[in-house]
Amino acid sequence: MNTPSRADDQDGQIGGVHIKYLHHCPRQLWLYARGYRPEQRSDLVAFGETVDETTFTRRRDIDLGEAKIDWVTTGAVVHETKSSRAPAPAHDAQVRHYCLLLERRGVSVRGGVVHYPLIRRTTDVTWNADARNQAEQSESDARMVIATRTAPDRLERPACRGCSHLDYCWGD
Ligand code: SF4
């Protein structure tokens with residue numbers, strides 16, 4: 001088993017994936033920041049990428065370096081596509097983080113939308129002062145989790161279903 005020992009994200013950049021993992025499981029964020037990324041070869045991730053690539057054809061990724069936004073429409077409205085069938089607070093938090101990153105680059109952000117093509121649903125993500133505070137707090141929380149010397153505790157086992165770190169955390 002590959003035991004992570006240090007944070008790989010030495011530049012301190014917090015991207016959307018960091019925020020998503022923070023809200024799903026701080027331990028997952030801690031592992032990810034140290035380069036432990038089994039999701040790169042996970043079937044679930046491959047499935048997600050396929051959904052992502054085939055759902056919307058007329059769009060352009062926005063690469064901010066630390067984060068890659070699915071696409072931004074006039075306004076600016078940030079769009080994020082999920083292969084999940086269950087909307088989750090972590091997805092909204094990820095979009096808020098993208099709004100924050102865009103705003104810091106001088107973009108006047110209007111809000112965001114999370115797309116769930118498998119269940120034909122979208123959820124709107126509000127962008128206002130309160131959302132900005134939440135995004136800044138999440139960014140700060142992510143930095144704190146990454147900086148801890150030992151891995152945060154595991155979630156309860158049922159909450160780990162589908163996680164690509166099951167082998168590391170539970171020896172599956
Ligand atoms: S297996 Fe569970 S505890 Fe481990 S990173 Fe995934 S969600 Fe967190």
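Predicted model: local features only at pLDDT ≥ 70, side-chain atom pairs only at ≥ 80, totals over all residues.
How many of the residues of α1 are buried? The count is 7 of 9, so the helix is mostly covered. You can pick out the buried ones in the structure: G16, H18, I19, K20, Y21, L22 and H23.

## A closer look at α1 and α2

Helix α1 covers residues 16–24 and helix α2 covers residues 26–33. Their axes come within 5 Å and cross at roughly 145°.

Which residues meet here? On the α1 side they are V17, H18, Y21, L22 and H24, and on the α2 side they are P26, Q28, L29, Y32 and A33. Sorted by class, this contact has 7 nonpolar residues, 3 polar ones and no charged ones.

## The sheet and its helix

Now turn to the strands. Four of them form an open sheet in the order β3-β4-β5-β6, and the pairing is mixed. At the edges lie β3 (71–73) and β6, each of which pairs on one side only. From one strand to the next, the twist averages 25°. Helix α4 (residues 89–104) packs on this sheet, where it touches β4, β5 and β6. The direction of α4 makes about 140° with that of β4.

β3 and strand β4 (residues 77–81) are antiparallel, with 3 bridges, and V72 stands opposite V78 in β4. Strand β5 (residues 111–116) and strand β6 (residues 121–126) also pair in the antiparallel sense, over 6 bridges. Here G112 has V125 in β6 as its bridge partner.

## The turn between β5 and β6

What lies between the two strands of this hairpin? There are 4 residues between β5 and β6.

## The whole chain

Finally, step back and view everything together. The protein chain has 6 helices and 6 strands. Read from the N terminus, its elements run α-α-α-β-β-β-β-α-β-β-α-α.

The chain has 172 residues, and 30% of them count as buried. Among contacts with a separation of 6 or more, 68% come from residues 24 or more positions apart.

Key
Residues numbered from 1 in each chain as written. Axes fitted to C-alpha atoms, helices over the stretch in contact; angles between N-to-C directions. Contact = placed C-beta atoms within 7 Å. Nonpolar A, V, L, I, M, F, W, Y, C, P; charged D, E, K, R; others polar. Pairing = 2+ DSSP bridges. Buried ≥ 20, exposed ≤ 12 C-beta atoms within 10 Å, placed from the backbone.
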